[in-house]
Amino acid sequence: MGIYVYNGDNQKAIDHADWVIRSTQNTSLVKDKAALQREGIIGPLITLYYSQYGSKYNLFREETHRAKRDGMVGWPRMAAFLFMMFVVEQGLNALLKGRGPDDDDARSQGKFIVEGAVSNFAAMFPPFGAAINSGMVFGGRSYRASPAFGVFESMARTTARAYRELGKAWDGEWDKVDIWRDLESTGETAGYLFGVPTRQLFDWTRAFIRWSDDEPDFSYGEIVWPKKR
């Protein structure tokens, strides 16, 4: 595209291509991270996996400046950008994950689209996005301030589960002890502590067992997105 924009100027076309990559892709290099991701302790802690949204924010700001510069002519382009970036992307993401509105009626579908678009947009602004996605605006959402807290949550869940399971065993209720879930819980904590993707391994194992048992509701999509339990 750059070769046509710059009338055959090869060097300008290369620079344009480099700019497109830098503007839209994440390199995880310190020089490419937002200041909030680099400075202090709290900033990096609450912006883990934020690079995607940082890139979105850069594109959003660029489109905003272009719309202001071009006047009324630029607003249709801005509207199209917002629609594609936050509505269409969220819809495609939901389809890929096999998620959708609870009901088939237009109201439920509209609510699903609006909530997804607003959450997607808000995620560009960590504090505001955290409030939106915590359930303060849209109820029923699971929320974690930062993935860094996952290890502490997992340890607490595993400890509580072990206490309950030992109580069942002590009372002789061995039939109520769920060994598989116990292994999953313990494995998840071990994965956090030792940097091993145990959760994914358990999900693949569960999907394989469901496939080998020829369960009627099995889907090959579970290999990527595990079935909710």
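## Aromatic pairs

The count of aromatic pairs in this predicted model comes to six. One of them joins Phe86 and Phe121. Their rings sit edge-to-face, 5.2 Å centre to centre, with 75 degrees between the planes. This pair links distant parts of the chain. Phe86 belongs to helix H6 (residues 75-96) and Phe121 to helix H7 (residues 106-122), 35 residues apart.

Is Phe86 buried or exposed? Phe86 has a relative accessible area of 3%, under the 20% cut-off, so Phe86 is buried. Phe121 is partly exposed, at 29%.

Phe121 also pairs with Phe125. Here the geometry is tilted: 5.6 Å centre to centre and 55 degrees between the planes. Phe125 is partly exposed as well, with a relative accessible area of 27%.

## Ring cluster

Which residues do the ring pairs link into a cluster? They are Tyr57, Phe60, Phe81, Phe86, Phe121 and Phe125.

## Packing of H9 and H10

Helix H9 (residues 150-170) packs on helix H10 (residues 179-194). Their axes are 9 Å apart, at an angle of about 150 degrees. That angle is over 145 degrees, so H9 runs roughly antiparallel to H10. The crossing of H9 past H10 is left-handed.

On the H9 side, the contact is made by Gly150, Val151, Ser154, Met155, Arg157, Thr158, Arg161 and Glu165. H10 contributes Arg181, Asp182, Ser185, Thr186, Glu188, Thr189, Tyr192 and Leu193. By type, the residues of this H9 and H10 contact divide into four nonpolar, six polar and six charged.

Note on methods. Residues numbered from 1 in each chain as written. Predicted model: local features only at pLDDT ≥ 70, side-chain atom pairs only at ≥ 80, totals over all residues. Heavy atoms only, no water. Phe/Tyr/Trp six-rings, centres within 6.5 Å; stacked < 30°, edge-to-face > 60°. Helix = DSSP H or I, 4+ residues; strand = E, 2+ residues; numbered from the N terminus. Buried < 20%, exposed > 50% of the residue type's maximum accessible area, 1.4 Å probe, protein only. Axes fitted to C-alpha atoms, helices over the stretch in contact; angles between N-to-C directions. Parallel < 35°, antiparallel > 145°, perpendicular 65-115°, else oblique. Left-handed = near helix turned anticlockwise from the far one by under 90°. Contact = heavy atoms within 4.5 Å. Nonpolar A, V, L, I, M, F, W, Y, C, P; charged D, E, K, R; others polar.
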